[in-house]
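Good morning, and thank you for coming.

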Amino acid sequence: MSYVVWFKDLTKDSIAVAGGKGSNLGEMYQLHVPVPNGFAVTAQTYKEFIERTRIKDTIQQLLQGLNVEETDALQAVAEQIQRLIVSVPVPEDIAEEIMDNYELLGAEKGAQSLVQGNEVFVAVRSSATAEDLPSASFAGQQATFLNVKGKESVVLAVRSCWASLFTARAIYYREKQKFDHAKVLISAIIQKMVNAEKSGIMFTINPATNHADEIVIEAVYGLGEMIVGGEVNPNTYIVDKNTRETKKMEVRAQDVGLFRNAQGLNEKRAIPKEMQERQVLDQKQVQELTRLGKKLEEHYGQPQDIEWAVERGEVFIVQTRAVTTFKSHQEERSTMTEEGGKILLKGETASAGVYSGPVRIVLNPNELGKIQKGDILVTPMTTPDMVPAMQRAGAIITNEGGLTCHAAIVSREMGTPCIVGTEHATDVLKDGEIVTVHASRGIVYEGAMEIKPEGKVITPSAEGHEDILTATEIKVILDLPDFADKAAATGADGVGLVRSEIIIATGGIHPAEYMRQGKQKEYVSLLKNGIRKVAKAFKPRPVWVRCSDMRSDEYRGLAGGDKEPKETDPMIGWHAIRRLLDEPEILRCEFQAIRELHYEGYKNVGVMIPFVIRVEEVRKAKEIMRSVGLEPCKAIQFGIMVETPAACWIMEDICKEGISFVSFGTNDLTQLTLGIDRNNEKIAPLFNEMHPAVLGEIAKVIKVCKKYGVKTSVCGQAGSRPEMADFLVHQGVDSISANVDAVESIRRTVARVERKVMMEKK
Ligand code: PEP
Ligand code: MG
């Protein structure tokens with residue numbers, strides 16, 4: 001038997017031999033897409049390795065009877081197995097065949113340079129075979145070793161890939177998915193590294209406008225990492241997919257680039273003066289990329305997000321995956337061609353998608369009952385007590401609000417098309433009339449319309465996520481427990497924020513009313529049942545629940561809500577921890593619910609208090625927590641939301657008081673730092689979480705927290721913005737929480753930025 005198979009002999013049906021990644025590379029090879037060449041050390045070779053070295057039985061024994069819910073035991077077994085694999089020599093005939101083929105790869109004539117002797121730089125990647133489920137990439141960790149050179153090093157990297165089949169996370173997932181450990185094998189892919197003189201990304205759909213007729217290419221000199229770091233602005237080319245004409249080209253000067261040196265390390269080099277302002281790609285290369293982009297999209301039947309590189313003038317495709325998320329900008333929208341229908345309204349895209357149906361106008365929460373399944377909910381502004389009706393709605397349109405308003409947050413989580421900030425929806429639209437909500441473009445059309453393919457919505461696929469490893473944890477924001485399984489399937493490292501208000505709203509009664517009626521137990525049960533769903537879906541991953549933060553204007557629709565005070569500015573009124581300490585019985589019940597969940601075994605539940613401005617709030621909340629029998633920071637992770645400039649200024653004292661973590665609520669922090677009402681659509685363009693004042697506060701808090709060993713995280717909407725993720729990784733944040741539809745793209749961004757940060761440190 002041959003221990004290796006070259007890409008030329010692999011196809012999409014080779015998963016059993018070369019795993020998902022290897023078969024995908026083979027498939028591209030068959031398509032004549034120029035991928036850097038290489039070969040797979042087959043999955044059967046791994047099998048033979050564990051059989052011939054007689055470690056197979058030991059591995060089985062170690063796994064037998066393991067309870068993967070016991071995190072420490074799981075970790076210990078995972079480490080033992082991995083140590084075992086890397087301690088056993090690779091049998092000589094296998095090692096020799098790998099080395100011979102590596103030399104053949106180096107001897108190949110090709111564009112790739114930096115070959116010294118036959119020692120070519122390669123990437124060694126693991127590629128697992130999960131039977132019947134090519135998308136279950138989690139079954140094997142995606143261990144990747146870049147810039148490997150020398151035949152012995154390659155063999156060692158292959159063995160490390162094999163070991164990565166037994167990380168704690170991989171074992172845990174296989175158990176959960178009921179895969180037989182012995183049946184999941186792993187292949188190691190050995191592929192030439194491209195020595196990129198130019199590189200970039202290509203989307204076969206315009207991600208800003210969701211326009212399917214456009215291909216967008218971004219290009220820089222050198223390696224693409226600098227784009228993500230924001231250090232250089234890439235050239236942008238927008239190409240018409242049908243005519244292949246370049247519709248728009250933006251050339252931005254680039255004076256420095258990142259290149260690999262002869263030792264395989266990345267180094268910054270100045271770009272010669274005469275090249276700095278010249279377009280990075282010549283017309284031939286743009287055409288070639290366009291051709292390849294179209295080919296890949298046609299072949300996979302979905303828009304693709306492609307990484308490419310050019311070496312010695314030749315274009316290579318390094319990676320391709322389905323586009324799963326896209327953003328939308330008001331400015332870009334106004335320049336787009338429209339579907340030809342009559343436009344009734346325009347607003348801001350809060351949650352993308354297209355939907356046609358009958359309008360139901362709700363001016364008062366007591367009219368919510370009229371929303372039937374599939375209706376379009378049209379309302380001045382959604383409030384959390386509308387959540388059950390929002391779940392029935394096919395689409396949502398509001399007069400007010402920006403991207404961080406309640407309607408936007410919840411509709412994104414539900415995947416319901418939603419347009420906010422239309423100003424006049426409740427006046428312009430009529431009850432019962434049929435309209436088409438083209439939320440991806442922020443447009444409401446008259447009547448039911450057939451939207452052309454570019455309006456197609458692309459939603460994240462539950463199992464399609466890649467298992468990219470990042471040092472920074474990527475978590476998800478989750479307010480609706482019914483969507484917990486969908487959120488858990490993103491592979492997020494935990495839940496960075498559960499807004500308990502949403503669970504409360506589904507109960508229909510205001511917390512203060514439970515207290516007035518002496519129904520504390522019912523309140524505890526309601527919370528417990530909601531939080532349990534999330535804790536269960538994510539166990540053993542951490543789930544941080546926020547104590548209730550109920551603004552007085554948002555919950556009038558709940559029983560007892562009419563007794564809430566009328567405030568001039570509820571945003572900065574009687575809510576969150578300041579209110580909970582005035583009505584400590586509510587807070588006690590919330591802690592009690594979490595205490596009981598810990599008792600049930602859901603020790604992964606942590607808690608945080610919102611809108612902190614004083615140290616004594618932290619102290620008092622901890623006392624109340626102790627009164628229900630939970631020791632904060634010891635028995636349970638206890639944190640605060642950083643949502644006010646005050647919290648930033650007194651962070652040192654808060655850390656001294658003792659907390660486990662802080663989480664930046666950038667929605668409120670931006671609102672309060674900039675003095676911009678987050679729900680006011682008139683000033684929405686000024687709402688910018690990347691404002692230097694906000695970034696300065698975040699940087700300061702992270703620095704202080706590091707001094708005290710307090711973990712830092714972000715759970716505002718800004719965590720779903722790549723530029724914020726980039727900034728946070730540079731500051732050394734511990735975790736970032738993104739919306740469910742942004743987890744995968746933020747993880748990719750973070751992985752790229754982390755690589756860059758590591759290179760900077762070298
Ligand atoms: C925030 O303010 O950023 C936050 C996450 O809380 P909310 O959006 O619920 O106010
Ligand atoms: Mg907030």
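**The ligand site**

In this predicted model, an oxygen atom of ligand 1 lies 2.8 Å from a polar side-chain atom of Arg546. A polar contact here is a pair of N or O atoms within 3.5 Å. Glu643 also places a polar side-chain atom 2.9 Å from an oxygen atom of ligand 1. From Gly665 it is a polar backbone atom that lies 3.3 Å from an oxygen atom of the ligand. Taken alone, ligand 1 exposes 290 Å², and the protein buries 97% of that; these accessible areas come from the Shrake-Rupley method with a 1.4 Å probe. In total, 13 residues surround the ligand, the closest being Arg499, Arg546, Gly665, Asn667 and Arg678. To be counted as near, a residue needs a heavy atom within 4 Å of the molecule.

A word on conventions. Residues are numbered from 1 along each chain as its sequence is written, and chains are lettered from A and ligands numbered from 1 in the order in which they are written. Local features need pLDDT of at least 70, side-chain atom pairs count only at pLDDT 80 or more, totals for chains, interfaces and linings use all residues, and side-chain values use heavy atoms, with hydrogens and water left out.

**The nonpolar cores**

In soluble globular proteins, nonpolar side chains tend to be buried together. A nonpolar core is a set of buried Ala, Val, Leu, Ile, Met, Phe, Trp, Tyr and Cys residues joined through side-chain atoms within 4.5 Å. Buried means under 20% relative accessible area, exposed over 50%, and partly exposed in between (1.4 Å probe, protein chains only).

Which residues touch the most other members of the largest core? They are Phe538, Phe591, Ile609, Ile640 and Met651, out of 112 residues. Helix α18, residues 520–538, gives the most to this core, with nine residues; helices are DSSP runs of H or I with at least four residues, strands are runs of E with at least two, and both are numbered from the N terminus. Because domain 3 (338–446) and domain 4 (473–761) both give residues to this core, it lies between them. The domain bounds come from an automatic or database assignment. A second, separate core of 49 residues includes Ile59, Ile94, Met99 and Ala157.

**Backbone details**

The peptide bond from Lys539 to Pro540 is cis, with omega near 5 degrees. Pro540 lies in the loop between α18 and β24 (543–546).

Arg54, although not a glycine, has a positive phi of about 60 degrees. Arg54 is found in the loop between α2 (43–52) and α3 (56–63), and counts as exposed at 70% relative accessibility.

Notes: A polar contact is a pair of N or O atoms within 3.5 Å; within protein, one must be able to donate a hydrogen and the other to accept it, and residues adjacent in sequence count only if both atoms are side-chain atoms.
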